[in-house]
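Please open the model in a viewer and keep the selection tool at hand. The stops below proceed from charge to fold.

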Amino acid sequence: MSVRAWSLLLVLCGTIFLEGIDVAMLAVAVPAVRADLGLSTGTTAWVMSAYVLGYAGFTLLGGRAADLLGRRRMFLGWLAVFLVFSGLGGFAEEGWTLILARFVTGVAAAFMTPAAMSIITTSYAEGPERDKALLVFAGTAAGGFSLGLVIGGVLTTLGGWHWVFFAPVLLAAVVLAAAVRLIPAEARPVRTGGFDLGGALTAAGAMLLLAYGIVRLEHGLDGWAVTAAVLAGGLVLAGLFVAVERRAAAPLVRLGLLRRAPLVRADLGALLFVGSFFGFQFVATLYLQELRGWSSLQTAFALLVMGCDAILAPTLTPRLVARYGNAKVILGGFVLAVLSYALFLPVGPDRSYAAMFPALLLTGLAFSLAYGPLTIAGTDGVAEEEQGLASGLLTTATQFGSAVGVAAVTAVYGIAGGGLDGIRAALVVPLAMVAVGAVIAATGVRGSRAAADGPDADPGQVPGQAPGPAAAPAPAATKLTA
């Protein structure tokens, strides 16, 4: 790729790195925030959940807004919002202020991240160049989260929890300044029709209720009636959203896109894989800190090996994808994840770090094999005018996956009575999630073989479905050359 192409990619990767360290640093700093502000357990939980609600609730809308209103405009505008409200979080002196700041920051990420991903998929030529860019992007996301654990521990220890909010402000300012210069202007007006307000409202409402219901699963059987009512309300709104989209002249989401088997398979795979990863990391952290008495910083360094994907995703994974194809590499990532979680399952009260190391290393390797190719599969073959939507669907899947993973392991841990028995029971959740994901990934391998046997068939077409429109090339003004 050219110097300009690499520079643009670096800026966009800076955004996803920013998002990763923002979440990870706060996860480490939460105990210090609670002690300093005197927060209750419920308020402390909402400090973490507010970001998830904002992110998961508006990602689908954010992805489509990038297509309709302009990717550059959405990226720059919401990056500025992210910067401002992250800084406000650092000045918070009461719980509600911090919760509000985290919610708006999550909403900003919901618009910013799909815009960044769709800028990649429309700025780099489809094929090896785009695949490499997406793999670097995916590796940076995971690396930001892994490094954020360590950085958050250091900042909290040396400067106080306020710096967990101020540090992202500095990084966001640098990224914003560079993005203004490097992100090309839209070559033509992106918006092509009226805005689907009914679809936007029902989609946001459904996503918010479903995300809230999933977060409430952490309480287990406590308040189950409220949790069930919230989830039911989300499903009702989701059904209403589908009805609205069927009748809309210019729908927010073209429902035909959801009939693409490779895209749906990639989104489901991303939900299960990311959910299992965050669930496993949460349980591993709980084990090391609650049962073993390790400090936040010790735990962060212990889990840092999982960040090997930041190196392997842009170096090893592209070669494997080029040789074996996306489907086989994704399946390999799921199989490695099954193995890694199974190796960690027989934890004991005094297990050595050397005994845990292979499982942690395999977890990072599995992430490097699965996540990037899932990103490629979730946007491959989609028309340019729907790249933001495809990116939004994929990001929505990953956000819901992370919420499901953490909520499920928390609920199982509590139901099992906590302690070592609770840890072992909770570890079954991520293992089951990647096992199901491996089955779904295996269907992708069979599908790719069938496509290879029939060279005239459209690999993205669902059997029995009329062929969809071919992916339109990106405008010359926004396409970067190698």
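Begin by selecting the charged side chains of this predicted model: 28 are positive and 26 are negative, and the centres of the two sets lie 5 Å apart. Side chains of opposite charge can pair when their charged atoms come close. Across the whole structure, a search returns five salt bridges.

Next, select Arg102 and Asp22. Their closest N and O atoms are 3.0 Å apart, which forms a salt bridge. Arg102 belongs to helix α4 (residues 95-123) and Asp22 to helix α1 (residues 3-37), so the pair ties together parts that are 80 residues apart in sequence. Both Arg102 and Asp22 are buried.

Move on to Arg71. A salt bridge joins Arg71 to Asp67, with 2.9 Å between the closest N and O atoms. Asp67 is buried at a relative accessible area of 2%, and Arg71 counts as buried at 5%.

Glu384 is buried, with a relative accessible area of 7%. Include Arg64 as well: through shared partners, salt bridges join Arg64, Asp67, Arg71 and Glu384 into one network.

Finally, display the whole chain as a cartoon, which shows 15 helices and zero strands. The radius of gyration is 21 Å, close to the 23 Å given by the globule rule for 482 residues, so the chain is as compact as a globular protein of that length.

How values were computed: Residues numbered from 1 in each chain as written. Predicted model: local features only at pLDDT ≥ 70, side-chain atom pairs only at ≥ 80, totals over all residues. Heavy atoms only, no water. Helix = DSSP H or I, 4+ residues; strand = E, 2+ residues; numbered from the N terminus. Rg over C-alpha atoms; globule rule 2.2 N^0.38 Å. Lys, Arg positive; Asp, Glu negative; His and termini not counted. Charge placed at Lys NZ, Arg CZ, Asp CG, Glu CD. Salt bridge = Lys/Arg side-chain N within 4 Å of Asp/Glu carboxyl O. Buried < 20%, exposed > 50% of the residue type's maximum accessible area, 1.4 Å probe, protein only.
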